[in-house]
Amino acid sequence: MAERVFITGMGMITAIGDNVAENLDQLRQQRSGLGYTSYIDTIYKEVLPVAEVKHPNDALSALAGITPREGYTRTTLLGLTAMREALQQAGITDVQTAPTGFINASTVGGMCDTEKVYFDIVDPAKSGTFLQYIDTLDCADCTQRIADTVGFSEHIATISTACSSSANALMFGARMIKQGFLPRMVCGGTEALTRFTLNGFNSLKNVDKQFCRPFDQQRTGLNLGEGAAYLVLESESFARANNSRILAEFTGYCNANEAFHPTSPSPDGDGAYEAMKAALAMSGRTLEEVDYINVHGTATLNNDVSEGKALERLFGNNVPLFSSTKPFTGHTLAAAGAIEAIYAVLAIQQGLIFPNLNFKEKMEELNIAPVTELMEGVSVNNVISNSFGFGGNNASLVISKYEG
């Protein structure tokens with residue numbers, strides 16, 4: 001029989017906080033991290049809102065517990081900061097004390113640094129120290145640097161499936177545990193803001209010049225964000241033998257890759273529907289047992305219609321309470337799935353339903369609307385967390401209250 005998978009540690013850094021506790025406080029206070037960039041040299045500096053971590057790289061190095069050094073990009077530093085907290089909460093002082101794998105997710109890798117010297121790199125007449133940045137571009141560079149710093153030596157992998165990357169990393173880790181490959185995995189993702197991603201999404205006409213409004217009739221696009229988050233996953237047998245503190249159970253997951261279009265989801269939400277349905281079936285929970293859904297909710301015209309229709313198809317007239325937390329953190333791309341998985345655990349632990357900020361007008365295509373005010377004292381036992389990426393890469397996770 002496959003092992004149950006427990007969550008025993010969490011760490012994060014986002015635009016609303018340097019750790020899990022600060023994120024929880026800002027969610028309770030309903031304070032958004034959206035604003036304008038202080039660290040990206042872009043013509044959109046005062047035009048397009050972003051959710052930026054409020055520290056320069058030297059300060060991030062201190063948070064990560066290392067001295068500033070060459071090759072450690074902002075993406076890597078964000079990841080190390082979140083990793084440090086996750087391991088600390090799980091009581092892990094040395095990852096070598098038990099076989100531990102590491103699955104990291106990123107879509108930009110070190111592009112935050114390489115794009116600064118792009119024109120130098122492509123000019124054949126130029127040479128110099130800027131060439132050292134080339135090696136950091138690869139998404140796996142941040143994975144390896146985090147692994148080397150922390151000491152991971154078992155299975156190490158990098159996943160890059162756009163917005164569903166770290167949700168897929170969590171799935172991969174859970175599958176490794178269930179199949180008996182390793183008893184403990186650390187999974188999540190890290191992402192820094194870059195001109196490339198800002199320009200790319202803007203060229204798709206998917207970026208809002210106002211603060212994003214998921215599931216609102218007047219929504220016009222997303223706001224990008226940056227951050228990192230990791231969760232420590234342990235098999236039931238290992239967690240019990242180790243006397244680990246269990247935060248929640250990772251009960252279900254599914255990736256339903258509909259391959260409808262390179263950048264647009266199925267208009268009827270086929271992939272989202274199948275992902276949620278299969279993840280819930282794996283979890284053993286019924287439709288009625290779902291208490292909250294942290295939706296992908298990017299506030300793009302296509303996503304919110306597609307995801308909303310999928311919710312209505314699956315749950316009928318009894319769609320659970322749902323909201324998007326992206327107006328707090330921005331869309332952190334590869335880090336989003338892990339960040340929102342932590343928010344799912346917090347919802348269960350604290351009895352909270354987080355508000356969908358900036359919502360005013362119900363979408364005409366849907367009969368449902370998100371939660372708009374913080375709800376406290378709610379019994380939350382099962383949460384679905386959705387992360388949907390380009391190419392129809394739809395990932396749904398089910399996180400449940402630990403029942404022993």
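**Helix α7 and the overall model**

Helix α7 is mostly covered, with 11 of its 14 residues buried. Buried means under 20% relative accessible area, exposed means over 50%, and partly exposed lies in between (1.4 Å probe, protein chains only). This is a predicted model, in which local features need pLDDT of at least 70, side-chain atom pairs count only at pLDDT 80 or more, and totals for chains, interfaces and linings use all residues. Residues are numbered from 1 along each chain as its sequence is written, and side-chain values use heavy atoms, with hydrogens and water left out.

**More on α7**

- The buried residues of α7 include Ser165, Asn168, Leu170, Met171, Met176 and Ile177.
- Helix α7 covers residues 165–178; at 1.5 Å a residue its 14 residues should span 20 Å, and its end C-alpha atoms are 20 Å apart, which agrees. The expected span is 1.5 Å times one less than the number of residues.
- Just after α7, Gly180 takes a positive phi of about 80°.

**Overall fold**

- The protein has 13 helices and 13 strands. These are DSSP runs numbered from the N terminus: helices are H or I with at least four residues, strands are E with at least two.
- For 404 residues, a compact globule would have a radius of gyration near 22 Å; the protein has 20 Å, which agrees. The radius is taken over C-alpha atoms, and the globule rule is 2.2 Å times the number of residues to the power 0.38.
- The C-alpha trace spans about 65 × 55 × 40 Å along its principal axes.
- Of the 404 residues, 60% count as buried.
- Among contacts between residues at least 6 apart in sequence, 77% join residues at least 24 apart. Contact means heavy atoms within 4.5 Å.

**Aromatic rings**

- Rings of Phe, Tyr and Trp (its six-membered ring) pair if their centres lie within 6.5 Å; planes under 30 degrees apart count as stacked, over 60 as edge-to-face and the rest as tilted. By this rule there are seven aromatic pairs.
- The ring centres of Phe102 and Phe152 are 4.8 Å apart and the planes are at 15°, so this pair is stacked.
- Phe102 lies in strand β4 (residues 100–105) and Phe152 in the loop between α6 (139–150) and β5 (156–159), so the pair ties together parts 50 residues apart in sequence.
- Both Phe102 and Phe152 are buried. Together with Tyr230, they form one aromatic cluster.

**Charges over rings**

- A charge sits over a ring if NZ of Lys or CZ of Arg is within 6 Å of the ring centre and within 35 degrees of the ring normal.
- Arg69 lies over the face of Tyr72, 5.1 Å from the ring centre.
- The charged end of Arg313 sits over the ring of Tyr273, 4.4 Å from its centre.

**Salt bridges**

- A salt bridge is a side-chain nitrogen of Lys or Arg within 4 Å of a carboxyl oxygen of Asp or Glu. The count comes to 10 salt bridges.
- Arg4 and Glu249 form one of them (2.8 Å, N to O). This pair links distant parts of the chain: Arg4 is in the segment before β1 (5–13), and Glu249 is in strand β9 (residues 248–257), 245 residues apart.
- Arg4 counts as partly exposed at 24% relative accessibility, whereas Glu249 counts as buried at 9%.
- Asp208 bridges to Arg213, with the closest N and O atoms 2.7 Å apart. Asp208 and Arg213 are buried.
- Lys326 and Glu340 meet in a salt bridge (2.9 Å, N to O). Both Lys326 and Glu340 are buried.
- Salt bridges with shared partners join Arg4, Glu236, Arg240 and Glu249 into one network.
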